[in-house]
Amino acid sequence: MRPRILGAAGLLLVGLGLVAGCGKQPPDGVALVGATVIDGTGGPPLPNAAIVVRKGKIEWMGTRVGFQLPPRTTEIELKGRWIMPGLIDAHAHTSVWCLKRYLAWGVTSVRDLHGSLDTILGLRRTVNSDRVLGPRIYSAGAMIDGSPATYPSALTVRSPKEARKAVDRLVNAGVDLIKVYTHIDPPLLDAVLDEARTFNLRVTGHLGLTDAITAAESGISSIEHLTGVPESASPDPGPLLAAHQQSFLAGWTAFERSWGALDSAGLSKVAQELARRNVTLVPTLVLHETLSRLDSPGLLEDRAFEAVPLAERQRWNAAEMIARAGWKPADLAAFRRSRSVQDLFLREFAASGGRIAAGTDAANQLLVPGYSEHQELQLLVAAGFTPREAILAATRNGALLLGVDSLGLLAPGKVADLVILTRDPLEDIRNTLAIDRVMSRGHLLTPDSLRATW
């Protein structure tokens, strides 16, 4: 059963206690009036606003003062509410069970960065054609990795020629971007980037054998998880690169541990260079934070985990994750020490003019789709960013990273993806969780109606 859609068609507004206006033709638009609008530009909020939505797009937006309700439009009073753009999870791994969770927590678009090629692109087609309720999906399809590939679903390449063929295969499949993984070295990355430029496709990287500065100099558009930064900032990256060559887990462990020993001056130089070369960072702080707390007794006490299907939740076993990775208490303690250095690096990067986009790595283990985006916002604020800057990272910056001009802003002509809140998120970033309703593709949804169909 699909959740009740409360949107542009007037009769479907009955669930909100509204009555469609009389006339020969039913309403085909909705006016959201009285709320304070945070439009996603970073400018001051617009109090007592009016937004007219029709056919999935914002038709008009401005102050309520002097506003005249257009014909065939139903008015919804939102005095005392706040409206912001729909959130964008800039690093997601999407599957069917995640879709309504994203929407219930106000995530109306996701940037999917790896899955089985046919499966994820099939899901993208289904959702983006509005046959199944879910966020807009922009997908890299299957990532490109060197040999041996960490995941069997990745496209494995052993030479620049094979790297170009892998890009061609992804282009023919219709991906929205390209992702490279840890065993892609500089020659392979150069081939991927050169081939992707032919098709005007952006390339992002979860780096390992290529450091962040080398990737930036080669023309990579974005970097995931802050990977490659310690390798660039370290006076001797050899041990880190050797760990990446050994195995994914060895490389990740060495990478996560290494931050605590990095010099702030070296980090500052890397931050400035990445910003100068217009590389967007998707730090996924919620991933780093979660891994650093795997041994915390209260890790799974958050009620948000109840939203995860039981079969999936049973796989989310912190003790098994620790055992599989071979992590000792000293490793997790080092991960925790690294967190403040990662935050410092992000502040340096932003101060240098760098752009940050909010992503989560959900629905990997212990990362609840949708909810983890709000955790990411809170961690950005804890790292020293303002609520306004954090919201920009999850809205406009995500849209810029995707290269999709219609997302991340509330303005006439933009798509009608937005979140209605009962509390002011600029006063307290935790208020992004106070979701009253979510509009996706012009359809107005309530979180309760979505949860009722999980």
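Colleague: How many aromatic pairs are there?
Modeller: The count comes to 13 aromatic pairs. Keep in mind that this is a predicted model.

Colleague: What kind of pair do tryptophan 327 and phenylalanine 335 form?
Modeller: Tryptophan 327 and phenylalanine 335 pair edge-to-face. Their ring centres are 5.1 Å apart, with 85 degrees between the planes.

Colleague: Is tryptophan 327 buried or exposed?
Modeller: Buried. Tryptophan 327 has a relative accessible area of 9%. Phenylalanine 335 is buried too, at 1%. Both count as buried because the cut-off is under 20%.

Colleague: And phenylalanine 345 with phenylalanine 349, what sort of pair is that?
Modeller: A stacked one, 6.5 Å centre to centre and 15 degrees between the planes.

Colleague: Where do those two sit in the chain?
Modeller: Phenylalanine 345 and phenylalanine 349 are both in helix 13, residues 329-351. They are four residues apart, so about one helical turn separates them. Phenylalanine 345 and phenylalanine 349 are both buried.

Colleague: Which residues form one aromatic cluster?
Modeller: Tyr151, Tyr181, Phe248, Trp252, Phe255, Trp259, Phe345 and Phe349. The stacked pair, Phe345 and Phe349, belongs to that cluster.

Colleague: Switching to charges over rings. What lies over the face of tryptophan 454?
Modeller: Arginine 101 does, at 4.5 Å from the ring centre.

Colleague: Which charged end sits over the ring of tryptophan 105?
Modeller: That of arginine 451, 5.4 Å from the ring centre.

Colleague: Now histidine 244. Which helix is it in?
Modeller: Histidine 244 lies in helix 7, residues 238-246. Histidine 244 is buried, with a relative accessible area of 5%.

Colleague: What does histidine 244 touch?
Modeller: Leaving out residues up to four places away in sequence, it touches His183, Leu207, Gly208, Leu209, Glu231, Gly251, Trp252 and Phe255. Trp252 and Phe255 are also members of the aromatic cluster.

Colleague: Zooming out, how many helices and strands are in the protein chain?
Modeller: The protein chain has 17 helices and 19 strands. Its radius of gyration is 22 Å, close to the 22 Å from the globule rule for 454 residues, so the chain is as compact as a globular protein of that length.

Colleague: What box do the C-alpha atoms fill?
Modeller: Roughly 75 × 45 × 45 Å along the principal axes.

Colleague: How much of the chain counts as buried?
Modeller: Of the 454 residues, 59%. The chain exposes about 17,900 Å², and carbon and sulfur atoms supply 52% of that area.

Colleague: What about contacts across the sequence?
Modeller: Take contacts between residues at least 6 apart in sequence: 70% of them join residues at least 24 apart.

How values were computed: Residues are numbered from 1 along each chain as its sequence is written. This is a predicted model: local features need pLDDT of at least 70, side-chain atom pairs count only at pLDDT 80 or more; totals for chains, interfaces and linings use all residues. Side-chain values use heavy atoms; hydrogens and water are left out. Rings of Phe, Tyr and Trp (its six-membered ring) pair if their centres lie within 6.5 Å; planes under 30 degrees apart count as stacked, over 60 as edge-to-face and the rest as tilted. Buried means under 20% relative accessible area, exposed over 50%, partly exposed in between (1.4 Å probe, protein chains only). Helices (H or I, at least four residues) and strands (E, at least two) are DSSP runs, numbered from the N terminus. A charge sits over a ring if NZ of Lys or CZ of Arg is within 6 Å of the ring centre and within 35 degrees of the ring normal. Contact means heavy atoms within 4.5 Å. The radius of gyration is taken over C-alpha atoms; the globule rule is 2.2 Å times the number of residues to the power 0.38. Accessible areas come from the Shrake-Rupley method with a 1.4 Å probe; for residues, only the protein chains shown count as cover.
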